[in-house]
Every structure is written in C-alpha cells, then in structure tokens.
Amino acid sequence: QLVVSYLTERPKLPENYTQDTWQKLHEAVGAIQSSISIKYNLEELYQAVENLCSYKVSATLYKQLRQVCEEHVKAQILQFREYPFVMHQNNSLDSLLFLKKINKCWQDHCRQMIMIRSIFLFLDRTYVLQNSMLPSIWDMGLELFRNHIISDKQVQTKTIDGILLLIERERNGEAVDRSLLRSLLSMLSDLQQVYKESFEQRFLEETNCLYAAEGQRLMQEREVPEYLHHVNKRLEEEGDRVITYLDHSTQKPLIACVEKQLLGEHLSAILQKGLDNLLDENRISDLTQTYQLFSRVKGGQQILLQHWSEYIKNFGTTIVVNPEKDKDMVQELLDFKDKVDHIIEVCFQKNEKFINLMKESFETFINKRPNKPAELIAKYVDSKLRAGNKEATDEELERILDKIMIIFRFIHGKDVFEAFYKKDLAKRLLVGKSASVDAEKSMLSKLKHECGAAFTSKLEGMFKDMELSKDVMVQFKQYMQNQSDPGNIDLTVNILTMGYWPTYTPMEVHLNSEMIKLQEVFKTFYLGKHSGRKLQWQTTLGHAVLKAEFKEGKKEFQVSLFQTLVLLMFNEGDEFSFEEIKMATGVEDSELRRTLQSLACGKARVLIKNPKGKDVEDGDKFIFNGDFKHKLFRIKINQIQMKETVEEQVSTTERVFQDRQYQIDAAIVRIMKMRKTLGHNLLVSELYNQLKFPVKPGDLKKRIESLIDRDYMERDKDNPNQYHYVA
C-alpha cells in the first residue's frame, strides 16, 4: 500500500545553485560561440534551465543570456572594421571576399542561435511567451545582429554595393555565385526593414537606369522582332531572379520597371517601326509575341488596336480604289480577310476588341469607292455559280459563298449588288448555265437571311418563273400533238414575269413565216389559259439549234436567234451583202455586225467574209462556207461579246440610282404623312435611319425640292427650314 503524503513546502534550492548553474550555461554558450565542444550533456543543460525557471529566476536568466549574446555579436564587428575599406568600383574581387565573409558571419550566427535556443527552449516557451514585450530568443539574436553589424554604416554600404555589383555582372551575362546572393538577400529580409529600405530601393533605381538606357540604345540598333525577343528574354531573366534570390515582394515593382522602360516608353515607336512589316510578311510568331508583350503594359493593347485598324484600312484601300486591280479585287479581299482572321485567331487570342475593330475597318475602306465593290462581288459570285466552274466541289463552293457573304455584309450600297446579281442570275437561268440549283438556292437563302425577304423576293420570283415555264411547256407539247399541222420546229418558251427580271429592250426583227406561225399558236394556247395577260417576245434572249449540211457531212449549231435568222437566209442563196442581210433580218446595225462577226470571223467560220478582216464594214459580202470542218458534231457559236458592254454596266448602275430616287421619295412622303410637320434636320436624320444605301445630303435636298414642286409637301411661310405635309 502506497501512502501519498503532501509536502508542506517546496524543497529549497541548494546554496549557490543559481550561480553555479548559470556558470555552466555561460560556459556552454561560450563553447557554442567559439565552435568548440560543450563539456556538459545537452539534456542536463536543458533541465538546468527548467529548474531555474521554476524558481522564478527567468527574468535574470533572460537578461544574462542577452548580455552574453550581445557581447559576442559586438566582438564580430571588429573583423569588418579591420577589413580594408579602400575599394574601387572595379575591385570586384575585394567586394566578393567581403560578401563571403559577411555571409559566413551570418551563417555562423544563425547556427549558434539555433543551438542556444534549443538549450534555453523552456525559457523561450514560458517566460518569454508570457511577456509580449520581449522578443523570442531567435528574434533577440536577429535584433542584435541588425543593431551591431548590419546597421553599421560602412558594413551596410559595402554589403549592398557588393550585392548590386554581383547582380549587375549577372545582367551583363557573367556567371555569379547565386547561392551567395540568395543567402545574403534572405539575411536582409530576415533583418526586417533592411531589405526594403536599404536594398530594394537602390536595386530598383539601378534597374530603372539600366533598362532606360538599354531600351533607348536597342530601339536604334535592332529590328522590331529582335528587340521584342530581347524584351521577352529580359523579363524571363528578371522573373528567374525573383525565384532564385530576390524576395518575392520585389517581383511586382521589378517586372513593372522592366515593362515600363523596355516597352511602355517605346510603344508607338515599336509599332511605327515594325508592325506593318510583320503584318505584310505574316510573321505569326512575332505578332503573337507583340500581342503578348503589349498586353502586359497599360495602354499597350489600345495603341496596338489603333495601328491594327490603320493597317487594315490602308492595305484594304489599295485593293479597292485602284481600277487596274478590279479584275482581282474580290479574290484579294477574300485572301486579305482570311489573313487577318488567322492573325486574330492565332496571335491575338480571338480578342473581341480586335475582331470588332477589324470589321469596322473593313467597312470603312470597302465603302471608300462607292458601288464598284458591290458590282464586282456580284460578278464574282456569278463566276462561281456559272456552269463550267470546275474549281470547286459543292462543299468548297459553299465555303466560298459564306466568305463572300462576310465581305458583302460590309457594303453599304447593297442595291447595286442586287441589280448586277439579278442581271447575271437571269443570264444563268435563261441560258441554262447555272452550275447547280442547290448552290443557287443556298446563295439566295444567305442573301435572304442577311437582307430580309424583300431583298430576295424578285430573285425568288425568277426561279418560280423558270419552274412554272417547265410545267407550261409540258402542257404545250400535249397541245401541239393535238394540232392538225404540228410543224417541224420544236419550240420551248420561258414565260418571265416583267417585275422580277431585268428590263430588256425589245427589238423588232423579221422572223420567217414558220416561226411567226408557231408564236401565234403558242399565244393562242397561253392566253386561252391565262386571259388578260400580255405577251411580249424578247428576241434578244432567244436561241436555237440548227441542222446544217456540208461537204464533210451533217452538223448541228447552237446559235442565238439573230445568228439563226442570218444562217437561214443561206437556204435561199449562197452570197449576200451586209445591206441585204440587214434588210431581210431587220436586226439592229451594231447587233448585226457582232452577229456576222461571230459567224465569219470567229473560231467556227460557217460564212466567209469578203474582203477578209476582223470588223464588219458596209458593203462586205458573205458567202456560205461549204467546206466547213469541225471535229465536233454539235457546235456552239458564241455571240461576240463586247466585254459586258460599258452601256450595259452604266444602264444597270443608272437603274439602281433611279430606284434609289423612288425609295427616297417614298421615305420622305411616309415620314411627312406620319409627322405632318417636321424641321429639315430632323427629316434628314430620320431619312438616314430608314434608307439602306449611302446618300449625300445634297441628293436628299433635291428630292425634297422635287416633292415640294409636285405638291406632296410645302415649306412653312415663316420658317423655310420647316415642312408641312400636303394631304
């Protein structure tokens, strides 16, 4: 049985215990500081500290320990005082030795304080912890090192000069002892404000000066791609410095300083010197680097955007305004659009701002030359949709049409496009020259989606007419079979609704009796089904297949109606003069000259012209060529095309302008009818909102005057800038 009896009082410490114990501890600390072995067992020393603390000697113990440490640190300064301080900037060896010495002193100090703290741990964790005013043993060591060594003016100056010299050498491409730098800079960080106040400020100032000078120099010496490559390299190096030996807090101001001096100060100069070149040569990797670097700097993207827009407008304008380039304008626009799209996607990370500004820039330059781009786009589409365009598969054609629609979107005068598109579509449909009905319908649906149903209603009407005509012809064939004398000409008619198709000038010619008879039969048949309609024959659009016999054998000719009328004359005789043919056929002079040219001066010469020559002159004679030879059985003789005649082009454009005038008039009347009274400026701005094509203020003024003359509206008697609607 154990009996626990409480002691009535604590056992007393033996006499001189405190003094003897401190003596032991003092010796142990001395041994650590002198790097010699400690006589006592560490556990014993730890226990001794615990005992002293238990007996309220903590305060004295802490003071004594501090004093011993302070004396030791103070003694260290002497070795640096003795150190020769006469030092030149280039004497980097001397500086390096000094840095190594200070580093050794710091490393020793840290090692010693760790050992000392482990012995006095109990003191650290009890007494010191309870007194918030007292630094821990480790912090006390730092404070002593700072106060007595690093705060020494000479030591501090020499340490920081030495560190800056090493960094400068490394920036100049020399190899330096990075672990020494890491150790010294972490020392300055550990000593609290020393890093920020004494080192970082000077470091950033020197960095600033270095890169300011370097930026100025290299902008003169290097081409833009090399310069940007160098900036990138410098940014990587400085980032690596932060990771390797600088304090993390220096990263932001350091990188900002490099960016400002190497990029921020030279943004415009870089772009003026090299951007156009990079874009011209499509230097993808360099453009990517430009974008990435400029995105790092305040205002960098903004200035890059401005130059990007200027480049697109300037380059695009050279494509659009030069009439000599008209032949390739659309293809060049498509290629240019592909190129800028690729740059935005790959180099500019699909940045919305760059996409939107590119669209605005395209719209600006493409409308610098009114009407022509719209006309050429329509012709380009025609060349792609015409039969015989073997370049593209259906998928490729679809892709080309999609790209065309993007360019089309930028155009202001879409009515010009519509007029030329309609004229070309009519040719394709009437001559059966369309490459694919699917592609035609696809293009129509794209236009409908882009411009609305009103834009395509006439074009859709043309397709309807062609389909209805096929049905009518099936019925007409049956009708002909029931006729007593069906004749030996096989007639096919396309019935075109006047409002849908382009306007064709009717031309009266002398058809032979069989043709006239057939026309009458068809007229009777058609009007019998659709009373009240009026038929007008368009001879300029007619064509026929003729059978002919030559010495070599039979041939078939695919020819226009005018060519047919001329060739049929040679059933009556072998030779006719120009004047005789003109009398007999009734074909208009210039049209007849072109027709005869195609038959006597082209590749397939069914007639012989006398005298020979390219042009048809008055008095020329034409003889049937009985010796005609050709490897094909069916031969198409093309009408000599005056390059889409200038008149044709002008008349199409004039028709567009005429239509625009009607639209302006209608819009003015619509607005005035609704508002009853309106000032000139408000009326004009309302018109700009409603009209879909570009229009000059002067043109609007003319239309307003015209409507006032025609009594649709009137001027206010007192205020000439005010208009009233006249009901």
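Where is N371 found? N371 sits in the loop between α16 (352-366) and α17 (372-385). We will come back to this residue below, after a look at the model as a whole.

## Confidence in the model

The mean pLDDT of the protein chain is 88, and 94% of its residues reach 70 or more.

One stretch calls for some care: over residues 85-90, pLDDT stays under 50. The model has nine contacts beyond four places in sequence for residues 85-90. Where pLDDT is low, the predicted coordinates should not be read in detail.

## Domains

The protein chain is divided into domain 1 (16-192), domain 2 (266-457), domain 3 (465-529), domain 4 (542-644) and domain 5 (647-725). Take domain 4 and domain 5: their C-alpha centres are 51 Å apart.

## Two helix pairs

Two packed helices are described by the angle between their axes and the distance between the axes. For helix α8 (residues 178-190) and helix α9 (residues 193-221), the angle is about 115° and the axes lie 5 Å apart. On the α8 side, L185, L188 and S189 make the contact, while α9 brings V194, Y195 and F199.

The crossing of α23 and α24 is right-handed. Here L565, V566 and M569 of α23 meet E580, I581, A584 and T585 of α24. The residues of the contact of α23 with α24 comprise five nonpolar, one polar and one charged.

## Salt bridges

How many salt bridges does the structure hold? There are 53 salt bridges in the structure. One of the salt bridges joins the side chains of E143 and R66, at 3.3 Å from N to O. Because E143 belongs to helix α6 (residues 137-150) and R66 to helix α3 (residues 58-82), the pair ties together parts that are 77 residues apart in sequence.

## Backbone details to check

Now back to N371, as promised. Its phi is positive, about 70°, although N371 is not a glycine.

The other backbone detail is a peptide bond: from N610 to P611 the bond is cis, with omega near -5°. P611 has its place in the loop between β4 (607-610) and β5 (621-624).

Terms used: Residues numbered from 1 in each chain as written. Predicted model: local features only at pLDDT ≥ 70, side-chain atom pairs only at ≥ 80, totals over all residues. Heavy atoms only, no water. pLDDT = per-residue confidence, 0-100. Contact = heavy atoms within 4.5 Å. Left-handed = near helix turned anticlockwise from the far one by under 90°. Helix = DSSP H or I, 4+ residues; strand = E, 2+ residues; numbered from the N terminus. Nonpolar A, V, L, I, M, F, W, Y, C, P; charged D, E, K, R; others polar. Domains from an automatic or database assignment. Axes fitted to C-alpha atoms, helices over the stretch in contact; angles between N-to-C directions. Salt bridge = Lys/Arg side-chain N within 4 Å of Asp/Glu carboxyl O.
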